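The sequence and the model are shown first.

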Amino acid sequence: MSIQAPSFIQSVGIIIQQEFQRLFFSRQGGLYLFAFIFFWALMLRYVIVNVSNFLAQQGAQTDWSDTVFSTYFNISLYLFPLLCIFIAANQTGADRERGTLRLLLMRTSRDVIFFGRFLAQVCIQYCLILFTATSTLLLGFYYQGFNLSAVSNAFIMASNIALVLLPFIALMALLSASFKSSKQATISAALIWSMASGIITGISHYFPAVEPLKMLIPGMQFSSLSLLEGVEMFSMAYIPLLQTAALLIAGRFIMHRSSV
Amino acid sequence: MSPLIECQNLDKTYAGKTALKNVSFTCQAGEPIALVGPNGAGKTTLFSILCDYIRPTSGSVKILGFEPGDKALLGQVSALPQDAQFDPGFSIHSQLSFYAKLQGFKSAPAKQEAERVLALMGLEDNLHSLPNMLSHGMRKRAAIAQALIGQPKLVLLDEPTAGLDPANAKKIRQLISSISAETTFIISSHNLQELERLCNTVLYLEKGELQQQNHSLEDSRESFLTVHVQDVPQQVFIDEIKQLSAVKEIQSDQKNEFLITYDGQNTPDFDQHLLKTLADKNWPYRRLIKGKTLEEKLFS
């Protein structure tokens with residue numbers, strides 16, 4: 001039987017497709033989607049709508065979309081990384097524990113599994129970001145009327161959320177390659193993140209020269225990022241991109257060395 | 001043409017404990033190969049190295065001329081790993097289709113291939129069952145089915161019939177025999193009778209060292225006969241058979257089973273003499289094996 005082995009990109013595509021099937025057609029994925037949509041509906045109803053109503057009552061002269069999307073951004077900036085630590089923790093860990101990774105390794109490479117699962121999580125999280133940004137935009141239109149700058153605001157905010165989320169997904173890819181369960185990966189992520197930020201913040205208090213080391217920790221630029229507006233926000237994009245590259249290189253190294 | 005497997009001076013240690021020690025062997029493609037040894041002998045470690053699940057501490061391994069994990073081996077080498085389980089979130093058909101796609105099948109042929117291998121294992125009525133809905137034996141058969149996707153050149157089976165009922169174990173043995181012309185199987189098992197029926201070459205590991213690499217056809221078959229008789233008093237049988245001129249020795253370690261050593265060079269048709277004696281004495285026999293049983297070869 002002559003069968004052409006799929007290329008790296010094709011194999012990654014097959015893995016991504018499978019992860020989308022898990023999200024949309026498995027019980028676990030359905031529960032996750034339901035919980036997320038329910039949570040976001042509450043956010044829209046009690047936070048975004050209230051902000052919008054408040055603006056309408058005040059007869060605010062400023063662009064409504066600035067305030068609404070600033071609220072959206074500040075919620076999403078913490079919501080998505082937090083969700084990611086739980087949801088993206090199971091990229092390869094459970095498969096390693098069950099032995100399913102052994103079945104996968106007979107037909108594809110460790111790189112395909114590692115990067116395929118990482119990119120699948122990126123795609124899934126980006127779909128959720130798109131959903132939240134679009135629903136916020138549509139709600140804004142419903143209450144305040146169509147506004148072109150709202151579309152631009154939605155794009156900038158959603159893109160920045162997407163960027164800051166990357167190192168968190170990469171961190172979970174690395175930890176998932178290191179541990180046998182998502183629980184271990186999640187606990188380790190919380191420990192590593194809080195300990196690293198605590199230690200670096202503590203040291204930088206006495207030795208300000210080490211302050212730039214904070215940029216090694218995913219999310220440490222959040223407070224600075226919140227102060228920026230519009231396209232200026234992209235000026236900090238290099239931080240999550242570099243963090244992601246470093247974490248993926250380390251994760252790939254671990255994936256290649258680890259026993260399955 | 002490269003040998004199927006070539007291992008040289010393979011060592012594997014876990015935290016200072018030796019799992020494999022200086023293991024070297026070469027296997028050619030063809031008849032199924034048995035991997036035998038007591039618990040903890042290093043069989044699973046050797047399997048894991050061949051499948052690239054773990055890396056050896058030192059030494060080299062080549063499969064079809066490539067190192068384990070090489071892209072060229074993807075889809076060519078397959079395995080039934082010990083205790084590997086399917087993803088509980090997808091039906092077995094969906095998972096096997098996914099594996100087939102990763103091996104290069106397009107979407108529709110991947111589904112057909114999954115159906116084909118599951119049907120080979122008698123699971124055509126359970127295609128859309130989740131793994132947790134299947135019995136242990138069915139899950140085992142599904143796990144063997146995944147190893148057959150795309151007709152790989154080498155399939156490593158770790159205890160393929162453990163936990164299966166006799167009818168299904170027989171089906172799997174028949175299946176292995178029927179496709180062993182295209183696919184070489186390496187079978188790790190404690191069931192020596194099963195291995196004896198399937199395999200011509202035996203790799204015997206003990207305490208991490210390769211003790212024997214037997215090619216059954218090469219041993220002195222003409223000098224041994226193993227006969228399993230029915231309800232014949234042991235001493236009477238021994239005394240009678242000893243009288244046959246070619247017999248050198250006769251031993252019995254198990255009830256009704258005798259290992260006869262004879263002069264094969266001068267009496268190559270000794271088996272016919274033996275059968276005639278059994279017929280003359282009206283002693284029914286259940287089994288006659290030319291040579292020693294695998295158990296005798298390995299443990300006597």
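## Basis of the model

This is a predicted model, in which local features need pLDDT of at least 70 and side-chain atom pairs count only at pLDDT 80 or more, while totals for chains, interfaces and linings use all residues. Residues are numbered from 1 along each chain as its sequence is written, chains are lettered from A and ligands numbered from 1 in the order in which they are written, and side-chain values use heavy atoms, with hydrogens and water left out.

## Two helices of chain A

Helices (H or I, at least four residues) and strands (E, at least two) are DSSP runs numbered from the N terminus. In chain A, the axes of helix 3 (residues 64-87) and helix 7 (residues 148-178) cross at roughly 15° and come within 9 Å. Helix 3 of chain A is therefore roughly parallel to helix 7 of chain A, a term for angles under 35 degrees. These axes are lines fitted to C-alpha atoms over the stretch in contact, and angles run from 0 to 180 degrees between N-to-C directions.

The crossing of helix 3 and helix 7 of chain A is right-handed, that is, the near helix is turned clockwise from the far one by less than a right angle. The contact of helix 3 with helix 7 of chain A comprises 18 nonpolar, 6 polar and 1 charged residues. Here Ala, Val, Leu, Ile, Met, Phe, Trp, Tyr, Cys and Pro count as nonpolar, Asp, Glu, Lys and Arg as charged, and the others, Gly among them, as polar.

## The largest nonpolar core

A nonpolar core is a set of buried Ala, Val, Leu, Ile, Met, Phe, Trp, Tyr and Cys residues joined through side-chain atoms within 4.5 Å. The largest one has 150 residues, and A:M172, B:I5, B:L96 and B:L156 have the most contacts inside it. Helix 7 of chain A gives the most to this core, with 19 residues.

## Individual residues

Buried means under 20% relative accessible area, exposed over 50%, and partly exposed in between (1.4 Å probe, protein chains only). A:I192 lies in helix 8 (residues 182-206) of chain A and, at 41% relative accessibility, is partly exposed.

B:A15, in the loop between strand 1 (5-14) and strand 2 (17-27) of chain B, has a positive phi near 45° without being glycine. At 89% relative accessibility, B:A15 is exposed. B:E159, also not a glycine, has a positive phi of about 50°, and is buried at 13% relative accessibility.

Technical notes:
Parallel < 35°, antiparallel > 145°, perpendicular 65-115°, else oblique.
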